[in-house]
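Me: I am new to this structure. Take me through a few of the labels used for it, please.

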Amino acid sequence: MVFKFGDFELDITLRELRRDGAVRAIEPQVFDLLHYLIEHRDRLVTRDELFDAVWPDRTVSDWALSSRILSARKAIGDSGKTQALIKTSRQRGFRFIGPVEVLRQPKDADLALPDKPSIAVLPFKNLSDDVEQEYFADGITEDVTTALARFNSLFVIDRNSSFSYKDTSPDIRTVARELGVRYVVEGSVRKADRRVRITAQLIDAASGNHLWADHFDGALGDVFDLQDQITEQIVASVTPEIDAHELERVRRKPPESLGAWETYQRCMLHAYRNSRTHHTEYLRLLKEATELDPGFAAAHAVLAWQLFLSVQFGYAEDRDGTIASARAIAEKAVSLDQNEPWAHVALGRAYTVSGETEMAIIELRTAITLNPNFVWGHYELGFAYQASAGQPEQALPHFEAALRLGPRNPARFGPLMMKGSALRFLGRHDEAVECCRQACQFPDTSYFPYLHLAAALAEAGKKSEAKAAADRAMEIQPRLSISFYRENIVGLHERTAKSMIGSMRKAGFPEE
């Protein structure tokens, strides 16, 4: 569905605001507010309605609503004085008063697939006798849709389009053709006594094959908490499956046929293979993606992030030049797309490296505000608190969130070892050792998990085991020493650096 008013079009399926065909930048909450006002343009919409529509299950200030109204006016060129499109009724609410034409996509038209992975969440079926569970099922559907939409890497069909299939049993392949999607999530809700079971499955819509399926059980004591928990678990399971399936699909295509998005996807083949060769190829493909599409914010952002990591791994020949280049690319990524979480993660890492801790935390909080389910947003925020701010207590919840949201992430060793680092700093040595041991179990891992394991074992008083872990770390990175650590791990809080260097000495790492 597309709402047309004047020179503007609000495309509900693509979640785009266009003027004369050109896409205009608009924040997700401003889009939702504008959508709600236009959809209910036949009447006055109260402030309470807008709070519920734009910030469901959250308490926000009147200032937040006023700010979004102002942003909506700015986005569509409506003056607060003339109020030609959005009319304010003082102390009551707002109404969209501009003439609107509704353009609908014919139901039987087959839509072309977008470049990025596309997905629709069909209404979850209520299998209970209790009609009240209908609202719970609809709530799960809406929450999963909203949570997936926060991933800029996905093209997510809006809830209105998906809900047109409510109370029907459509053929999944038909849904895929009509909505133009590659993946479909469907599920059901069944209540028994005071417990509820939710099933969900991810389907490859072209073949009809099930890629993932699971069920979730919970008590109905606090329905909203349960709804949030189930949503988080579904999203944490679905997104890695899509990533893996997309990677396999792209792997089968010849390199010369890849566009910017597919090149970006293909580079993930090298993302978690920790060697200089794979790292070099990863950077090459990211640069190629940015050249194929100079406006591709996520590719710029991940390129900047990886350049920072190349310094950390000791791969960068020009340390200072690489840091400066990475920061410039991160700043460009944010300028290309303010709503891309990866861009704020990359700029947050730039601030962490330069010791601008407060700015780092602001950027990284922005990333997880844009997408609370973003594993690397939580990881980097935890890293900033731990490494740059020297605040392990604040870091721990974010490492734990990254682990919970990425149960099958191939780079899970990162949050594990950093959680271990925070625990070691807090004197919880046995827990630190366990986390770091788990981090070392991943294939193709870098020297970092063994470095942190050696430090944790040394503080736990296990000197021989600490020396063995240190030897393994130096086997992976022969240049590893205390001076190497000082030179390449930049942006550390003084207490953090002293703590790690002291533990490295206890573990037997050489000075030079």
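Me: Which residues is K191 in contact with, leaving aside its neighbours within four places in sequence?
Reply: This is a predicted model. In it, K191 is in contact with S128, D130, Q133, V196 and L220. Contact means heavy atoms within 4.5 Å. K191 itself is found in strand β12, residues 183-192.

Me: Why is K191 called partly exposed?
Reply: Its relative accessible area is 27%. Buried means under 20%, and exposed means over 50%. The value for K191 is 27%, so K191 is partly exposed.

Me: What makes the protein chain as compact as a globular protein of its length?
Reply: First, the parts: the chain has 21 helices and 14 strands. Its radius of gyration is 25 Å. The globule rule gives 24 Å for 512 residues. The two values are close, so the chain is as compact as a globular protein of that length.

Me: What box do the C-alpha atoms of the protein chain fill?
Reply: Roughly 75 × 55 × 55 Å, taken along the principal axes.

Me: What share of the contacts with a separation of 6 or more joins residues 24 or more positions apart?
Reply: In the protein chain, that share is 59%.

Me: Now the sheet. What is the order of its 5 strands?
Reply: The order is β4-β3-β2-β1-β8, in an open sheet with antiparallel pairing.

Me: Why are β4 and β8 called edge strands?
Reply: Strand β4 covers 22-24, and strand β8 covers 101-103. Each pairs on one side only. Neighbouring strands of this sheet are turned by 30° against each other on average, direction ignored.

Me: How do you know that β2 and β3 pair?
Reply: Pairing takes at least two bridges between two strands. Strand β2 (residues 8-11) and strand β3 (residues 16-19) have 4 bridges, so they pair, in the antiparallel sense.

Key: Residues numbered from 1 in each chain as written. Predicted model: local features only at pLDDT ≥ 70, side-chain atom pairs only at ≥ 80, totals over all residues. Heavy atoms only, no water. Helix = DSSP H or I, 4+ residues; strand = E, 2+ residues; numbered from the N terminus. Axes fitted to C-alpha atoms, helices over the stretch in contact; angles between N-to-C directions. Buried < 20%, exposed > 50% of the residue type's maximum accessible area, 1.4 Å probe, protein only. Rg over C-alpha atoms; globule rule 2.2 N^0.38 Å.
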